[in-house]
Amino acid sequence: ENLPQQIMGLMESKTASQSSQSTATTDSQQQQQTVAVDSEEKFKEDVRRSANNFKNLVMNNKVMIFSATYCSYCTVAKKTLDDLGTQFQSMEVNKEGKEGEMMMDIVEAVTGNRMVPQ
C-alpha cells in the first residue's frame, strides 16, 4: 500500500473505534437514565404509600400522635392523654426506619413542622 492508502486505512479504523466508543457511551448513558427513571418511580411509589398510610392513620383515629421513643415531650403527651382517659394511637417514627423518615416527610408537608410530638 502507498502512504495515502495507509493513512486512509488508519483514519477509517480510528473512526470505527471512536464510533464503537461513542455507542458504548450512549448505551451507558441510556442505562443510567433508565436506572434514574426507575429510582424516581420507586420514590414516587414510596411517597404515595406513605401519604396513603398517613391519611389512613389520621382518618381512622380520633387522636393520632406521631412520636419518638427518645422524646420526653412525647412521653408526657401520651401520659397526659392516658391520665385523661383519652384513646389515642401513636406511631413511634424512630422505630420505623426508612418508613418512619418518609412518614415524617409527609407530616412535615401537611403540618409545616417536622418535630415530634405531632
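Helices α1 (3-59) and α3 (98-111) each supply at least two residues of the lining of the largest pocket; helices (H or I, at least four residues) are DSSP runs, numbered from the N terminus. This is a predicted model, in which local features need pLDDT of at least 70, side-chain atom pairs count only at pLDDT 80 or more, and totals for chains, interfaces and linings use all residues. Residues are numbered from 1 along each chain as its sequence is written, and side-chain values use heavy atoms, with hydrogens and water left out.

**The largest pocket**

- A pocket is an open set of points on a 1 Å grid over the protein atoms alone, where a 1.4 Å probe fits, with protein on both sides within 12 Å along at least five of seven lines.
- The volume of the largest pocket is about 170 Å³, a volume being the space filled by probe spheres set on the points.
- Lining residues have an atom within 4 Å of a point; here they are Asp46, Arg49, Ser50, Asn53, Met91, Lys98, Glu99, Met102 and Met103.
- By type, the lining has three nonpolar, two polar and four charged residues. Ala, Val, Leu, Ile, Met, Phe, Trp, Tyr, Cys and Pro count as nonpolar, Asp, Glu, Lys and Arg as charged, and the others, Gly among them, as polar.

**Salt bridges**

- The structure holds 10 salt bridges, each a side-chain nitrogen of Lys or Arg within 4 Å of a carboxyl oxygen of Asp or Glu.
- Arg49 meets Glu45 in a salt bridge at 3.6 Å, N to O. Both residues lie in helix α1, four residues apart, about one turn of the helix.
- Arg49 also meets Asp46 in a salt bridge, at 2.5 Å, N to O. Asp46 and Arg49 are three residues apart in helix α1.
- Asp46 is buried, with a relative accessible area of 8%, whereas Glu45 is partly exposed at 45% and Arg49 is partly exposed at 48%. Buried means under 20% relative accessible area, exposed over 50%, and partly exposed in between (1.4 Å probe, protein chains only).
- Asp105 forms a salt bridge with Arg114, their closest N and O atoms being 2.6 Å apart. Asp105 is partly exposed at 37% relative accessibility, and Arg114 is partly exposed at 30%.
- Salt bridges that share partners join Lys42, Glu45, Asp46, Arg49 and Lys98 into one network.

**A cis peptide bond**

- Most peptide bonds are trans.
- Val116 and Pro117 are joined by a cis peptide bond, with omega about 0 degrees.
- Pro117 is found in the segment after α3.
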